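Hello,

Here is the structure I promised to hand over. Please have a look, then read my notes below.

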Amino acid sequence: MANRDAEIQSMEVLPTALLATIMTKLDVPSICSIASTSKSLNTCSSHILSFLPNFLLLDVAPSIDLLGPLLPPNPYLQTLKVDCHRLDDSAIDSLLRPSLLELSLHNCSDFSGRLLSQVGARCKDLRSLYLSAVAEKRGRSIHVSDLEELLNGCTELETLILMFDVSTFVRDSFARIWALACAKLVSLEIGYVSSLMVTELLTAPGAHHQSPNHTRTSILPSIGKLCLSVDYITDTMVKTISKNLNSLTHLDLRDAPIIEPTAAFDLTNSGLQQINPHGKLKHLSLVRSQEFVATCFKRVNDLGVLLMADRCSSMESICLGGFCRVTDTGFKTILHSCSKLYKFRVSHGTQLTDLVFHDISATSLSLTHVSLRWCNLLTNHGVVRLSSNMDLTFLDLRDCRSLGDESLRAIGTLTKLKTLLLDGSDISDLGLSYLKQGVISSLISLSVRGCKRLTDKFISSLFDGSSSLELQELDLSNLPNLSDAGVLLLARSRVPITELRMRQCPLIGDNSVITLASMQVHEDWCRGSTLKLLDLYNCGGLTQLAFRWLKKPYFPRLRWLGVTGSVNRDLVDALARSRPFLRVACRGEELGAGQWDTSDGTYMHDYEEVDELEQWLLEGENDESGDDEEMEEVENVAELVG
C-alpha cells in the first residue's frame, strides 16, 4: 500500500491538465478508485467522466441507478462497452449517444427490439456495433422493422455483430432490408440464422442484374469477414456465399443440426470445391457441432479436401470440425499445401492419426495455434512430431484420450506456449512435472479437467517455488484425487490466478474456500484478491461454513461463482443478494466471459480500508441526510468498481 500512496502523492503535483490527460488513459474502475485519495484527484475525477473518450464496464452488470452517475452527458464519448444484464429499455437514453463510433452492449435479454431502432436513430456515425441476446427474455419482442431502422440509420457501419437469433424474422423482409446496409460494411457476424435466409439475402433483388448489360451488384459489396451460426451448412449456401462475396478473406460457418441432414441440406465434396474461387481467403472455419445430435459431414471425404486445397495455398488459418470421413491424406494435404498456415484446428477428427505430423518438420510451416480436440487416434508420437514447431503458443489436446506422459516431455520444450488444454488425457503427476523444466514459465492458461490419474502431488511439483509465474486460468475440474491439501499447496505458491475451476471434485471442501480467501499473492494486495472466477459446483465437502467465507469482505474481485443450488438454497440466495455484482450460477452451467473484451485495470482493492469510491461519494453527501437507502446504493457502486 505504501507504493501506491507514493504514486498518488507524485500525481498530486502534476498540472491539472496533464493529470486529466493521464486519467483519460485509465479504465473506469481505476478512475473511480483514486477519486478520494486527495482533493485534487477528487476534483479531477468528478469531471473526468464528462469527457472520457472510452467507457468500458463489462466485468460487472450495473443497474440503471448505478450506471447513471458514471455516464453523465459527454460529447466526447466514442467507445462504450457495457454488460446490460440488469438493464432494459429504460437505459436507452443513458447508453445511446450521437458521438459514439463503437458500441458493444452484451446480455441485452431484457431489451426489446426498440434498442435496434433507437441505435439507428441516435448513433448515425457508428463504425462498429455489437449486440447480444436482444429480446431473449420472455415477453420481449423484436421485429424485422427494428433491424431495418438500424441498417437505414447507421450509414457508416463497418462492423456489425448481432449475437442473437434472427431466424424468427419474416424471410422475405429480412433478405430485402439488407439492401439498406452500409456499403462500407466489411465484417458481419450473426448469432443464429437459417441457411435458407442467408441464401435469399445474397440473392435478393438488390443483388440481381440491373439489365443485361450490367454486371451483378453484390448486396454486401465490401464484406471481407462473414461469421454465421446456421441450422445446416449446405452446398447451396456455400456456393452462394462464394459467388456473391468477392472480397471475402474470412469465412466462419458453424451449424448444429437437430436431425441427420438429408443430401439436399448438407455439405458435400461439390460444395467444398466451390470455396475460395477468388483465392482471397485467409481464414476458413467449417464446424459441425454435435450439440443436439451426434452427426458429422458424412458426404465429404479426402477428395473434397484435396479439391479445396488447390485454392488454399494462401490460407493462414483453417478450422475443420466434424469431418469424420476425412483421413490423414486430406489433413496432410492441407499442411503441405498451405505454406502460410499458422492456425490449424481439427475437432472430431475420428480418422486423424500420428501420420499427419510424421514429416511436418520437413515443411516450412511455423504453427502457433493448434487444436486437435476429440482426435482419439492421436498418440504421444504424433505430439512429439508436432512439437517441432517451437513457436507454438496455443495447444488444445482436449479429449485426446490416448495421450500420456511422453507427450508432455515434448510439450515441455515449447518455451513460448501460453495455453495448454489437456482435458481427459491419460497423463499423471510425473508427466506434468516435465512442464516445470521449461514451458511452465510462459503458461497463462492450463486445463487438466478429467485427468483421473492426477493427485495433489502434481501441484507441488509444478508450482512449488513458482511465485513468479503469471498463470491466470487453471482448470482442475473432475479430478477425483484433488483435495484441500492440494489447494493449500496452490495457495502457498502465490501464483496470481484469476480463474480457478474445481467443479465435480468430491474431496474439495470448506478448507479450500478458507485457504483461497486467505491467499495473498503480493505483500501489498489483499487476501484472495486475484480471483475473479471460482467454480465449486458439485464439490463434495462444502458446508455452511464455506458460504461465510464467500461473503464480503473476502474475495473482493470475485465476479463469477459456481456452487450447487440444491444444497443450502437459502444460503445461495442470501449470497446473491448480499453481492449483487457477483454472478452465482447454481445449475451446473459453465462460467466465464471469455468472449468479452475486458480490461482488468490496475487497482487492487484493500478490504481493510474504506472503499475509495464509497468515500468519494460520501464526501459529496456530507451536507445531506444520508438515509439507509442511499447508503446501500453507495455500497453497491463501491462494489461495482472494486
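**Strands β12 and β13**

Strand β12 and strand β13 (residues 394-396) run parallel and are joined by three bridges. Two strands count as paired if DSSP finds at least two bridges between them.

Val370 has Leu395 as its bridge partner in β13. From β12 the chain passes through helix α15 (residues 380-386) to β13, a right-handed β-α-β crossover. Right-handed means that, with the strands pointing away from the viewer, the path from the first strand over the helix to the second runs clockwise.

β12 (residues 369-373) also pairs with strand β11 (residues 343-347), in the parallel sense, over five bridges. Here Val370 is the partner of Phe344.

A word on the source: this is a predicted model, where local features need pLDDT of at least 70, side-chain atom pairs count only at pLDDT 80 or more, and totals for chains, interfaces and linings use all residues. Residues are numbered from 1 along each chain as its sequence is written, and side-chain values use heavy atoms, with hydrogens and water left out.

**Strand β3**

Now to β3 (residues 102-106). Four of its five residues are buried, so the strand is largely enclosed by the rest of the structure. Buried means under 20% relative accessible area, with a 1.4 Å probe and protein chains only.

What joins β3 to strand β2 (residues 79-83)? Five bridges do, and the two strands run parallel. Asp83 stands opposite His106.

β3 also pairs with strand β4 (residues 128-132), parallel, over four bridges. Leu103 has Leu129 as its bridge partner in β4. With helix α7 (residues 114-122), β3 and β4 make a right-handed β-α-β unit.

Best wishes

Key: Buried < 20%, exposed > 50% of the residue type's maximum accessible area, 1.4 Å probe, protein only.
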